[in-house]
Amino acid sequence: MSRMVKFLLVEDDEDHAELVKRNLRRARVANSVTHVPDGVEALAFLRREGNYPDAERPDVVLLDLKLPKLDGLEVLTAIRADDELRDLPVVILTTSDAEADRERAYEHHVNSYLVKPVDFEKFRQMVNDLSLYWGVWNVLPPRTDE
Amino acid sequence: MPERTRRIMPELPPLAEADVTRLRRAINGSTEGLWEWDVPTGMVWFSPRTTLLLEGSVNTPIPPNWDALRRRMHPDDAPAFDAALAEATSRGELDATFRLQTASGSRWFRARGASPSDDHPIQTVAGSIQDTDDLRRALDHNAYLAAIVDADDDAVIGVNRDAVVIAWNGGAERLFGQSTDSILGQPLAALAPWVRLDLLPDLLPRALRGEIISGQVIAHRRENGDRQELSLRMGPIRDAREEIVGASIIAQDVTSRRAMERRLVSAGRDLRRRSDELEQFVYTVSHDLKSPLVTCTGYVGLLEEDLEAGDTESALDAARRVRNAVTRMNQLIDDLLELSRIGRSDAPPKSLDLTRLVAEVVEFMRPRFEERGARLDVAPDLPDRVFAVDRDLSRALENLLENALKYACDQPEPVVTLGGRHEEGQVLLFVRDTGPGIAPEYHQKIFGLFQRLDTAKPGTGVGLASVAKVASVLRGRAWVDSEPGIGATFWIALPDQSDPDSLEFASS
């Protein structure tokens, strides 16, 4: 049973955002991606504040670690502290495989930690698997707003 | 014939039988060996106790002459012993100290005696021989300890309950410049005021009350103006009945040791900072340099697909992104290298002509400001000189001006002001802009390496990190004052003239 999986991509590097989006478009699972460039925008989107009064709640957040204003860990912490958002699946998507980053991400209850592969084929495979996993295999928490 | 003047001993009355018995008991009971020397014949009578002292047993009597002793005598002491015997035959008195080989090893003895009459020539000398070894060793030990205490570099001082000096060693003479003779018996308060002030009021009464005080370090100026740090230990002196009769004071000059400790702490702090920096650098290489690499390989992959599909427009877009990523990577590497050069020992800080330095920076930046239609002002009353590294400070100011230009240009009629002033031992430099300002929560963060608030603006996020480093290696600091909507003022504070030893330039 396949369904449309909705991603929120939080990524300050426009090239990386485009790379993820283009690869998701070719993935075998139907999906939609909303891209925001920093942590403040991400929280505004999730809370339907500011520019995003009509934002739809995503199924999964793809979160970069190094972000301007609020970095990935701060966004993750805010999500886990927010009664409305705490059960939202969050996937860290970063170029860093530093031990300290991994440790802190899991301490803040991240659902998954992915390191962007430098190899293009692997990058594509990863994005495809990502959509497959979250769109097909993984059962999401029940949605209160549906 | 010399005239008879007096009797040395009164003529003894004849002894009764009971007296003889008592005398024999006394002779046997005495801890001293008794002897009687018949000078003309050279015969010596030794009491049994003498035999016991020398042989450890009364059953091995020694031959009745001085040779018996001399054969057991330490060769160094024999000449003096012979001289003493010779003197006894002329003056009638004997006093000799010597070592004898006994059953329990070599021991010190003292023989004393006198002629019982003033006959001339002397006929008889009688006296005792005493084992003085334990006493002698104790005295030697005391002298030995006293010599150690005296030679110690620490000042060792003893005072009585009235704070009158009763002991003053060589270390105290050297440390306080006051001779033992001149201070013994004087109140400690008679010392030079600079010593007295620190020692007396608080610590001494506590020691006299029985407290042991250690680890106290006092700092003061010596008479010649030098700063001196003394580590003090104090404690009560008690007599045999455990009554406190005074206090001991041990003072050690720890001036150079403390200076060394401070230098070590400072070096440790620098080392830690460098280690953190290195860690940050490694993290950066793994993360920030990998990021454009992901972009490159990703878009080269897409580019191949675009070319196969004949999508020229998308292919061109991919190629453009690859080129930008490579350019950015190159810029990152350049900026990182520049950051690593700040604070290196090849360019030590010195006193710089600030007016000239600012003029050169402004001249260099002016065309860029004119290009963007922004005004660049220099505030009046710049300090004349600043202690810094020419190259580093120039780059820091250029960085701040570049940032100001980048953000101020979003506003109409942008104005950027560069200025400085002298304040409380430091030179403050500032760059003020009329840009959008920065929210307080980011005031610290923006000085971190690769921290960028607005990724739409060009830059790598190294500029402010290097400004902060330029300030910190000179023991100064950099910060920002800003209110959103009004503008921002970036500050660099540099200490006037740092102690060159304390800077990490000297040690690297």
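Guide: Happy to! Let us start with chain A, which in this predicted model has five helices and five strands. Followed along the sequence, chain A runs in the pattern β-α-β-α-β-α-β-α-β-α. Of the 146 residues in chain A, 55% are buried. If you take the contacts in chain A between residues at least 6 apart in sequence, 69% of them join residues at least 24 apart. The accessible surface of chain A is about 6900 Å², and carbon and sulfur atoms account for 50% of that.

Now turn to the contact itself. Chain A brings 31 residues to the contact and chain B brings 27. Between them, the two chains bury about 2500 Å², with 49% of this area coming from carbon and sulfur atoms. On the chain B side, the residues that lose the most area to chain A are His287(B), Val294(B) and Leu302(B), which together make up 21% of what that side buries.

Charged residues also take part here. Side chains of opposite charge can pair when their charged atoms come close. Between chain B and chain A, the count is eight salt bridges. One to look for is the pair of Glu305(B) and Arg26(A), whose closest N and O atoms are 2.1 Å apart. Glu305(B) sits in helix α11 (residues 290-309) of chain B, while Arg26(A) sits in the loop between α1 (14-25) and β2 (31-36) of chain A, so this pair joins two chains. With a relative accessibility of 19%, Glu305(B) counts as buried because the cut-off for that word is under 20%.

Another salt bridge brings together the side chains of Glu14(A) and Arg321(B), at 3.0 Å from N to O. Both residues belong to a network of salt bridges, in which Glu14(A), Asp15(A), Asp317(B), Arg320(B) and Arg321(B) are linked.

For comparison, here are salt bridges within chain B. Over all chains, the count comes to 42. In one of them, Arg107(B) meets Asp131(B) at 2.7 Å, N to O. Arg107(B) lies in strand β4 (residues 105-114) of chain B and Asp131(B) in strand β5 of chain B, so the pair, 24 residues apart, links distant parts of the chain. Arg107(B) is buried, with a relative accessible area of 18%, whereas Asp131(B) is partly exposed at 27%.

Arg395(B) and Glu398(B) form a salt bridge as well, again with 3.0 Å from N to O. These two are three residues apart in helix α14 (residues 390-408) of chain B, which places them about one helical turn from each other. Here Arg395(B) is partly exposed, at 29% relative accessibility, and Glu398(B) is buried, at 11%.

Before you leave, follow strand β5 (residues 124-131) of chain B to its neighbour. It pairs with β1(B) in the antiparallel sense, over six bridges, and Val125(B) in β5(B) is the bridge partner of Trp37(B).

Note on methods
Residues numbered from 1 in each chain as written. Chains lettered and ligands numbered in written order. Predicted model: local features only at pLDDT ≥ 70, side-chain atom pairs only at ≥ 80, totals over all residues. Heavy atoms only, no water. Helix = DSSP H or I, 4+ residues; strand = E, 2+ residues; numbered from the N terminus. Buried < 20%, exposed > 50% of the residue type's maximum accessible area, 1.4 Å probe, protein only. Contact = heavy atoms within 4.5 Å. Areas by Shrake-Rupley, 256 points an atom, 1.4 Å probe, with all protein chains shown as cover. Buried area = accessible area lost by both parts, 1.4 Å probe. Salt bridge = Lys/Arg side-chain N within 4 Å of Asp/Glu carboxyl O. Pairing = 2+ DSSP bridges.
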